[in-house]
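I opened my notebook to write down what I looked up today. Come along and follow the entries with the model beside you.

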Amino acid sequence: MSLQLSPQAHVNLKRPSATYAKNISLIASAICAIFVSAAASAVQVPPSEQLVLRDIQKQISAERLKQDVTKLVSFGTRHTLSETKSDSRGIGAARRWIKAEFEKISAECGGCLEVVYQKRTFSGETRIPNPTEVVNVLAIQRGQTDPNRYIVMSGDIDSRVSDPLDFTSDSPGANDNATGVAGAIEAARVLSQYKFDGTIVYAALSGEEQGLFGGKIMADIAKQENWRVEAVINNDMIGNITGINGVINNTTARVFSEGVRVVETPEEARLRRFTGGEVDSPSRNVARYIDKIADDYIPNLDVMMVYRLDRFRRGGHHRPFNEVGFPAVRIMETNEHYDRQHQDLRTENGREYGDVLAGVDFDFNAKLTSLNAVILASMAWAPAPPANVKIKGAVQPSTTLSWEKPIGKMADNLAGYRIHWRLTTEPTWTKSQYVGDVSEFTLENIVIDNYFFGVSSVAKDGFESPVVFPGPAGSFGGYN
C-alpha cells in the first residue's frame, strides 16, 4: 500500500499550519529542557589552572640560593669523613648550620616544621673504613588531612675531591651538591607559608659520595615507620648550565626514573609480561607528572625524561628509596661538566678543575628549585593516588578500570577521578576523561589492546595526583 498526498497536503508540508508550528516549538522547548537538565546533572570538572602554583614559582629567590650555596662552600669541605667538632669547617658545622636554618624557618611559621637528625654509624665499607656517624637533617611539614602520605625533596650535604677518601683537602661542592641542599632550604622557606593535605619533607642527606648511606638511613626509617611515600624528588646538581660538551643551556633539565620496580616479584613480572607496565612504574609516572608541571607552570623550562634509573652506570640518592619500593626520581642539569665534579682544585695546562661557586648559575638553580616547590605543593594539595587500580576488557569493545577510594579525612578534598590513556608508543598521557566520584568506569569503544591506561585522583580545587598504571607494576601502594 502506498500513501497518496493531495496537492493541498504538499502545500501544508511546506508551509506548516500555526498549530503544527506551535507543536514544533513545544517539542524544541522540551528537548532544550532535557539538555539543560542533563547539563545541570553532568559531572562537574574541577579547575585545572592553579594560580597559587604560579605564585609559589615566583617566590623562589636566586639571591637567597646564592647566599646559602656560598655559606655551604665556606665550610671548606663537607666530606662525610671530615671534621665534626669545628664550628667553621667540615660536615659537622655544615649540618648544624642547615639544622639552624630549618629551625629559623620553622620559628617564622609558628613551629610548622619538625626539624630532626637521622643518624647511623657505618664502618668496614670501601669508602667508610673506620666508624663514622652519617647524619641527615630533615624538616618535616605535617599534612593536615593525610599526614602519613609523604612527598620528599632531597639534596646531598657531602662533597668530595678526586680521592674519595681525602677528607682534609678543600672540597667546595658548590654545584655538587650545595645547590640541591640550598634548594631544599629555599623550598621550605616558601612552602612553609602554606598548609597542605599531605606531608612534605625537606631533606639534606649525608654520605652520598661514600655509597648513598644517608638515603639508606632515611629509606629504612620510612619503611620501619610505615610512611606512605608518594614521591622522593632527589636533586643532585641543579645549578650548572655549561656542559663539558661545549653546550650552554639554561632551559632544560633531566629527570631520571626506573622503568620496572626493583622490588617486583616473579609473579608480578609474569603478569607484567602480558599486561604491560615496563615504562609505567610509579617512579616513571612521577617523572611524567614533573614534565607536565614544568610545561604548565615553569617558564622557559623543558624537562627531558630519561628512561633510565640514573646516568649510565652511575648512581644517586633516589636509588635507596627505589630499592625498598618507594617512587623516587632524580632531577638534575642536562649538560654536565666533568672537570667540575669530584676534582681536586687545580689548574693544568690552562684548564681549571674543581666544583667552585663560579660554576653555578643561580637563576638556573632558582628555576629548578621552583620546579621542585611547585611539584611538592601540587602533590601535597592533591588527594592520594588511587589504590588497587585494576583493569579489564579483553576481547571486548570497551575498557573498564576500577580502584579503591580513601576514607575518612583522606577523602575530605577528593572531588573524583580522571582516567588517562595513551598509545603504547607515546611517552606521556595524551588523552583523559574526568569521571567523577566513582570507583569504576567503562570507556566505551576504546579497545584495551591498543592503549595504556591509568587513573589519577582529583581534588575539589583541581589539584591532581600522579597517574597510577593498573596492577602491581604501577602501584603507589594502599591507604595504610
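Leaving aside its neighbours within four places in sequence, which residues is Asn-240 in contact with? I looked them up in this predicted model and wrote down Asn-175, Glu-333, Asn-335, Glu-336, His-337, Arg-340, Gly-359 and Phe-364.

**Entry 1: Asn-240**

I found Asn-240 in the loop between strand E5 (228–235) and strand E6 (252–256). Is Asn-240 buried or exposed? I noted a relative accessibility of 4%, and since buried means under 20%, Asn-240 counts as buried.

Next I checked the polar atoms of the Asn-240 side chain. One of them lies 2.9 Å from the backbone oxygen of Asn-335. I also found a polar contact of 3.3 Å between the side chains of Asn-240 and Arg-340. Both partners, Asn-335 and Arg-340, are in my contact list above.

**Entry 2: Asp-302**

I then moved to Asp-302, which lies in strand E7 (residues 302–306). Its relative accessibility is 42%, so I put Asp-302 down as partly exposed. Not counting residues up to four places away in sequence, Asp-302 touches Thr-251, Thr-252, Ala-253 and Asp-295. I also looked up how far Asp-302 is from Tyr-417: they are 115 residues apart along the chain, and their C-alpha atoms are separated by 27 Å.

A reminder to myself: two packed helices are described by the angle between their axes and the distance between the axes.

Helix H3 (residues 51–59) packs with helix H12 (residues 362–381) at an angle of about 150°, and their axes are 8 Å apart. That angle makes H3 roughly antiparallel to H12, because the cut-off for this is over 145 degrees. I noted the crossing as right-handed.

Which residues meet here? From H3 I listed Val-52, Leu-53, Ile-56 and Gln-57, and from H12 I listed Ser-370, Ala-373, Val-374, Ala-377, Ser-378 and Trp-381. I sorted the residues of this contact into 7 nonpolar, 3 polar and no charged.

**Entry 3: H4 and H6**

My last pair was helix H4 (residues 62–73) and helix H6 (residues 174–191), packed at an angle of about 130° with axes 9 Å apart. That makes H4 oblique to H6. H4 passes H6 in a right-handed crossing.

On the H4 side, the contact residues include Leu-65, Asp-68 and Leu-72. Among those on the H6 side are Ala-178, Ile-185 and Arg-189. By class, I wrote down 10 nonpolar, 2 polar and 4 charged residues for the contact of H4 with H6.

Terms used. Residues are numbered from 1 along each chain as its sequence is written. This is a predicted model: local features need pLDDT of at least 70, side-chain atom pairs count only at pLDDT 80 or more; totals for chains, interfaces and linings use all residues. Side-chain values use heavy atoms; hydrogens and water are left out. Helices (H or I, at least four residues) and strands (E, at least two) are DSSP runs, numbered from the N terminus. Buried means under 20% relative accessible area, exposed over 50%, partly exposed in between (1.4 Å probe, protein chains only). A polar contact is a pair of N or O atoms within 3.5 Å; within protein, one must be able to donate a hydrogen and the other to accept it, and residues adjacent in sequence count only if both atoms are side-chain atoms. Contact means heavy atoms within 4.5 Å. Axes are lines fitted to C-alpha atoms, for helices over the stretch in contact, and angles run from 0 to 180 degrees between N-to-C directions. Angles under 35 degrees count as roughly parallel, over 145 as roughly antiparallel, 65 to 115 as roughly perpendicular and the rest as oblique. A crossing is left-handed if the near helix is turned anticlockwise from the far one by less than a right angle, and right-handed if clockwise. Ala, Val, Leu, Ile, Met, Phe, Trp, Tyr, Cys and Pro count as nonpolar, Asp, Glu, Lys and Arg as charged, and the others, Gly among them, as polar.
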